[in-house]
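Keep the viewer open as you read.

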Amino acid sequence: MTHSAAAGNGIGTAGVAVSARGLQVIRGKIPVLRGLDFEIPSGRITGLLGPSGSGKTTLMRAIVGVQVVSAGTVQVLGLAAGDPALRHRVGYVTQSASIYPDLSVEANVRYFGAMHKKKKADVAEAIAAVGLDQLARRKAADLSGGQLSRVSLACALVAHPRLLVVDEPTVGLDPVLRAELWERFRAMADSGTTLLVSSHVMEEASHCGTLLLLREGELLAQLTPAELSLRGRSQDLEKAFLAIIRESEQRVDALDGKVL
Amino acid sequence: MDAAMLMATARRVLEQLRHDHRSVGLILVVPALLLTAVYFLYENETLLPGQPRTFDRVGLMMLVIFPFVVMFLVTSITMLRERTTGTLERLLTTPVHKADLLFGYGLAFSIMAALQSLVATAVAYWIFGLAIKGSPGYVVLIAVLNAVLGVALGLLCSAFARTEFQAVQFMPVVVVPQILLCGLFVARDRMNEVLEAISNVLPLTFSVDALQEIAGNEAATERLWQDAGIMAAIVLGVLVLAAMTLRRRSA
């Protein structure tokens, strides 16, 4: 496989954590991802941005290896996505908290930690990392929505993954918690973890090293936040994103005009 | 297979149950109460000399039917929840082996089943004087095997249900025919050929046969072990089928 060789070399040198070639997902005859090509640099935060329904979650599932892929390849840390050896190295936090509501915070984290042979200290560390150490013995069902999603995050952090894929982590969080979470992600990236974080709120893009802009299953652009505001001719990333969407629509219209 | 992950799963399932006092109460107390009802139902029957009480036959069979039905329901609902809340998908992205999950479930619920049948068997044996020649310990053993059968079938059926409502509907399909044909209502050799043939391959039939061996013989017979062996093989087969319904990748 030429791809795996390329990706394998990439990790040693340029530092590519994920690379996709012609990634296509068709669900019930409807194309959800239409042939994506991209690379995600390792040890950085990559933002996956786009309106809801643009295919963000499907793309994340394909990288984690739980999505049936119609065509193309995804390489993660030098292996095909979903490879058994990756189960120790890739963490996935779904949008809605996938935890056991009838267990305490600690029991939840302890259980998912046990799947990675993690000890008590790792469990306590993961709970502290999401700021829930005071609530560790509380039943998850008694917590607020924002706290629940932090429990879910702790269940992934406990494994110390090299690649952490997080789907819309800031939904339902107040501004203070949101800022803390991004700080947390930055600290993880600084210590070498690769993060892929999705959001439909464009203002969060500024926290990311690189951005993947997704729309209707197609990759509009891969760029840095600075490049985004430059290309979209606005300091406001939301406006810049809209400008890029309009630009791409005009391009499609122009192409259609030529064909006609 | 990894013993630590299996034990962690069993511990987690039991911990979930422990927080649910009402369910634990229902699991432990209801069989004993229903057994009491059956006892008083036949309290005034007139028996010819030497004829066994109906309670000795029906009560004995109920001791193994309860754990089967209860564990089937509990397991299929718990597993369905695990599928719908996303915890199952999350688990399958971790290094856990499918067998660790399924056997962890099996272990946790068979501990519950053992407790349940200890209570029910003690009530039947000591309070209502259930007359069996063999040891009541063997009755508990067969009851636990039945519970594990319920767990295995529940795990399998939960794969075919999308809602908890559908999961409950599997009970009439999977459980009731076995109760009807196991020999509780009509002795199996008096059934017509078609029904007897069906009865011959249903797992519950083997446990009722095993119970009759325990009731009629002081020591464990070869046939008792044969029945128990067949039950165990069926349980294993159903668990393997259930493992095949757990997919790490989905559309």
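Which residue in S4(A) is the bridge partner of Ser19(A)?

1. Gln75(A) is the partner you want for Ser19(A). Bear in mind that you are looking at a predicted model. That bridge belongs to a pairing between S1(A) and S4(A), the strand at residues 71-76, which run antiparallel and share five bridges.

2. S1(A), residues 16-27, also pairs with S2(A), residues 30-41. This pairing is antiparallel too, and it has nine bridges. For one spot to look at, take Ile26(A), whose bridge partner in S2(A) is Pro31(A).

3. Now follow the chain from S1(A) into S2(A): the two make a hairpin, with two residues between them. Gly28(A) sits in that turn and has a positive phi of about 55 degrees.

4. Next, have a look at H2(A), residues 56-64. This helix is largely enclosed by the rest of the structure, because seven of its nine residues are buried. Among them are Leu59(A), Met60(A), Ile63(A) and Val64(A), and you'll find Lys56(A) and Arg61(A) on the buried list as well.

5. Last stop: Arg178(A), in helix H6(A), which covers residues 175-190. Setting aside neighbours within four places in sequence, Arg178(A) is in contact with Thr170(A) and Leu173(A). Gly146(A) is 32 residues away from Arg178(A) in sequence, yet their C-alpha atoms are 10.0 Å apart.

Key: Residues are numbered from 1 along each chain as its sequence is written. Chains are lettered from A and ligands numbered from 1 in the order in which they are written. This is a predicted model: local features need pLDDT of at least 70, side-chain atom pairs count only at pLDDT 80 or more; totals for chains, interfaces and linings use all residues. Two strands pair if DSSP finds at least two bridges between them. Helices (H or I, at least four residues) and strands (E, at least two) are DSSP runs, numbered from the N terminus. Two residues are in contact if their C-beta atoms, placed from the backbone, lie within 7 Å. A residue is buried if 20 or more other C-beta atoms lie within 10 Å of its own, exposed if 12 or fewer, and partly exposed in between; C-beta atoms are placed from the backbone.
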